[in-house]
Amino acid sequence: MTDRPVQGKVIGSSVIAGIAARAARETPGILRLDTTLGQLMVRWGATARNNLRRVPDSGSRTSCDGVYASISGGRATIDVEVATDARFNALEVAANLQERVRQALRRTGVAAGAINVTVCSIEEPPPAPPYPRW
């Protein structure tokens, strides 16, 4: 038997959700991560079910402010919900985000499954504050 430590990495769905959230925040044309009412209800339902059964959360699906990730069979499935800037084409922003998440996952060694981007709203960015007149 050798005294060398075993080299390995363990990446869970919470890490994958965090990676996808960072990619979304860094993508041009995305104002913020968002959460739809439907996803909010799904999360509340799962939490209520687990509390009624007194079963701890299995961690099979992790959320991170508008990003939902799960890993099954070595493949990550990611759902990202965003609000986009009206000055950008929302379809191009969503495609760009999918590619950025796919590239970020490649660096982790986790295979990318479905990467779903939902544009919850397309908004005008807030106006710049006026400069004071002296």
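What share of the contacts in the protein chain with a separation of 6 or more comes from residues 24 or more positions apart? And how do helix H1 and helix H3 pack?

Reply: In this predicted model, residues 24 or more positions apart account for 74% of the contacts with a separation of 6 or more. The protein chain holds 3 helices and 5 strands, arranged along the sequence in the pattern α-β-α-β-β-β-α-β, and 31% of its 134 residues count as buried.

Helix H1, which covers residues 13–25, packs with helix H3, residues 90–108, at an angle of about 140°, and their axes are 9 Å apart. That angle makes H1 oblique to H3, since angles count as roughly antiparallel when over 145 degrees, and H1 passes H3 in a right-handed crossing. On the H1 side the contact is made by Ile16, Ile19, Ala20, Ala23 and Ala24, which meet Leu97, Arg100, Val101, Ala104, Leu105 and Thr108 in H3; by class, the residues of this contact divide into 9 nonpolar, 1 polar and 1 charged.

Thr108, one of the H3 residues in this contact, deserves a separate description. Its relative accessible area is 18%, so Thr108 counts as buried, the cut-off being under 20%. Leaving aside residues up to four places away in sequence, Thr108 touches Ile11, Ile16 and Ile19, and Ile16 and Ile19 are among the H1 residues that meet H3. A polar atom of the Thr108 side chain also lies 2.6 Å from the backbone oxygen of Leu105, and Leu105 is itself among the H3 residues in the contact with H1.

Notes: Residues numbered from 1 in each chain as written. Predicted model: local features only at pLDDT ≥ 70, side-chain atom pairs only at ≥ 80, totals over all residues. Heavy atoms only, no water. Axes fitted to C-alpha atoms, helices over the stretch in contact; angles between N-to-C directions. Helix = DSSP H or I, 4+ residues; strand = E, 2+ residues; numbered from the N terminus. Parallel < 35°, antiparallel > 145°, perpendicular 65-115°, else oblique. Left-handed = near helix turned anticlockwise from the far one by under 90°. Contact = heavy atoms within 4.5 Å. Nonpolar A, V, L, I, M, F, W, Y, C, P; charged D, E, K, R; others polar. Buried < 20%, exposed > 50% of the residue type's maximum accessible area, 1.4 Å probe, protein only. Polar contact = N/O pair within 3.5 Å; in protein donor to acceptor, adjacent residues only side chain to side chain.
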